[in-house]
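Entries follow in the order I checked them.

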Amino acid sequence: MGASGTVATAVARCSGSRTLTVGVEEEFLLLDRADGRPALSAPAVLALLGGDPHIKAEAMRYQLETVTGVCTDLEQLAEELTRHRLLASRSAEELGCHLVASGIVPRHTPGLSALTADARYEELAARHGLVAGTGTCGCHVHVGMPSRELGVQVLTRLRPFLATLLALSANSPIAGGVDTGWASRRHRQWSRWPTAVPPGAWRSAADYDAAVCQLIRCGRAMDERSVYFHARLSPRYPTVELRVMDTCLSVEDAVLLAAMARALVCLAIADVARGVPIKTLSDRQVVAELNAAARHGLDALAVDPYTSRAMPHRALLELLLPRLPEPEPIALLIHRLDGRGTGAARQRTMWSQAGTPPRFAQLLAGATLR
């Protein structure tokens, strides 16, 4: 079947966003209960969990990653996210530390001395030095994709919305023991990786593969897995993987993010089939919008790719909702987020109330399970 036939088939399956599967990977910090510093306890936590396949090691020994299964509805996704957070948190508590959902360590990090003992992480550290020791935490959303050719077209159409997804997820304002003034300080740190860039406006899977091969050939990436485009074709699964987002403070934040990511993918597929034009942004424009979203969150300006009008992400979301398949659950989740504030806003409130780093870590841990 040709590319146009694949698109037509996908659109037929995509009358509602629930026809696309979704899975989420969440990265977490472990913070010591006594002083709020990074706790190098991940190997011990994983040992207590007895090899649970849904909870894994990450680059730093003060990090964990949880992985959902392939989900078809938001209720299933919420149940899995909640269960994995609870399991990891209980084991962390036994070892005197908190499980915390924050995009960046609130206090100073121990650097590469905290690197997980793994040949892959050690090679990345040898190649990229201190960049590999930042220990940031992201939320990665996988959306099922019927073909790589269609996936590349979807990536191109997602470029204008990456900043909106980052703004929704922004959850890392506190770093080095101070309020950095950024909604997502993680994005600034993570963007130091040489391949942590927006996806290109590629025309085919062959173009995508050529870009990946070039990054490996010139030494900017070790292999396909270490090509960290903000949205990419997963090197392991038949999915489009959106990686630009901070890890989310609460399960409900993560469900909103996954729902929005899946709906945007579905919208992109439908727009490709209908030939709906959108404004083409240069790489420089995409990066500028991402930096603005990292700094100012939902109040940052963005260009509506349908009308070319500039507006805050909050307004862009309102205009975007009617275009999405099954917008009602997303509209409700956005309304609830407006009521409680983004992760960055809630972190700042907790920071002002806490008084001490251990108390701040405790408040973050409570919000992580709320």
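Salt bridges. I found Glu-252, Asp-253, Arg-336, Arg-340 and Arg-346 joined in a network of salt bridges (a salt bridge is a side-chain nitrogen of Lys or Arg within 4 Å of a carboxyl oxygen of Asp or Glu). The structure has 17 salt bridges.

Ground rules, for the record. This is a predicted model, so local features need pLDDT of at least 70 and side-chain atom pairs count only at pLDDT 80 or more, while totals for chains, interfaces and linings use all residues. Residues are numbered from 1 along each chain as its sequence is written, and side-chain values use heavy atoms, with hydrogens and water left out.

I looked up Asp-283 next: its side chain meets that of Arg-159 in a salt bridge at 2.8 Å, N to O. Asp-283 sits in helix α10 (residues 283-296) and Arg-159 in the loop between α5 and α6 (162-169), so the pair ties together parts 124 residues apart in sequence (helices are DSSP runs of H or I, at least four residues, and strands runs of E, at least two, numbered from the N terminus). Arg-159 is buried at 6% relative accessible area, whereas Asp-283 is partly exposed at 46% (buried is under 20%, exposed over 50%, partly exposed in between, with a 1.4 Å probe and protein chains only).

Then Asp-209 and Arg-148: their closest N and O atoms are 2.7 Å apart in a salt bridge. Asp-209 is in helix α8 (residues 205-217) and Arg-148 in helix α5, 61 residues apart. Asp-209 is partly exposed at 30%, and Arg-148 is partly exposed at 38%.
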